[in-house]
Amino acid sequence: QVQLVESGGGLVQAGGSLRLSCAASGRSFSSYAMGWFRQAPGKERDLVAVISWSGGVTYYADSVKGRFTISRDNAKNTVYLQMNSLKPEDTAVYYCAAGWARSWPPRSEYDYWGQGTQVTVSS
């Protein structure tokens, strides 16, 4: 069992930055791949970024590549999403998720989800 709690969302102007954090509790955090997803109203939840259990392999959606950075600190049981050069189209609820990857990047193999944090980017 893993419990995930996101924080760091808020309102920011286009071009600004935010860093999201996902704090995990429970066992075996370091054994899981961690993903960040986002969902805008009326739209499907989309995969944004993934980091492997070791932190050595990452994946980014084309829409955020070069602007977002996913990282993890297993000693702190925390995964981060640094978001730079934010655009209005980045506006969404952002969720972190944990799972054992059966493919790469893992898209559906997530067993645990956070409650989400709202990111709003104004123009």
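Two salt bridges are found in this predicted model, a salt bridge being a side-chain nitrogen of Lys or Arg within 4 Å of a carboxyl oxygen of Asp or Glu. Through shared partners, these salt bridges join R38, R67 and D90 into one network. Because the model is predicted, local features need pLDDT of at least 70 and side-chain atom pairs count only at pLDDT 80 or more, whereas totals for chains, interfaces and linings use all residues. Residues are numbered from 1 along each chain as its sequence is written, and side-chain values use heavy atoms, with hydrogens and water left out.

**Salt bridges**

- R38 forms a salt bridge with D90, with 2.9 Å between the closest N and O atoms; R38 lies in strand β4 and D90 in the loop between β8 (78-83) and β9, so this pair ties together parts that are 52 residues apart in sequence.
- D90 also forms a salt bridge with R67, where the closest N and O atoms are 2.8 Å apart; this pair links D90, in the loop between β8 and β9, to R67, in the loop between β6 and β7 (68-73), 23 residues away.
- R38 counts as buried because its relative accessibility is 12%, and D90 counts as buried at 0%, where buried means under 20% relative accessible area, exposed over 50% and partly exposed in between, with a 1.4 Å probe and protein chains only.

**Disulfide**

- A search of the whole structure finds one disulfide, defined as a pair of cysteine sulfur atoms within 2.5 Å.
- The disulfide is formed by C22 and C96, whose sulfur atoms are 1.9 Å apart, and it links distant parts of the chain, with C22 in strand β3 (residues 18-26) and C96 in strand β9 (residues 92-99), 74 residues apart.
- The torsion about the S-S bond of C22 and C96 is about 55°, so the disulfide is right-handed.
- C22 counts as buried at 0% relative accessibility, and C96 counts as buried at 0% relative accessibility.

- Helices (H or I, at least four residues) and strands (E, at least two) are DSSP runs numbered from the N terminus, and two strands pair if DSSP finds at least two bridges between them.
- Five of the six residues of strand β5 (residues 46-51) are buried, so β5 is largely enclosed by the rest of the structure.
- β5 pairs with strand β4 (residues 33-39) in the antiparallel sense over five bridges, and A49 in β5 is the bridge partner of W36.
- The hairpin of β4 and β5 has six residues between the strands, and G42 there takes a positive phi near 75°.
- With strand β6 (residues 58-60), β5 pairs in the antiparallel sense over three bridges, and I51 stands opposite T58 in β6.
- The hairpin of β5 and β6 also has six residues between its strands, and G55 in its turn has a positive phi of about 80°.

**Largest pocket**

- The largest pocket is lined by 14 residues, of which R38, A40, K43, D46 and E89 lie nearest its centre.
- A pocket is an open set of points on a 1 Å grid over the protein atoms alone, where a 1.4 Å probe fits, with protein on both sides within 12 Å along at least five of seven lines, and its lining residues have an atom within 4 Å of a point.
- β4 and β5 are the elements that give two or more residues to this lining, and β5 gives the most, with three residues.
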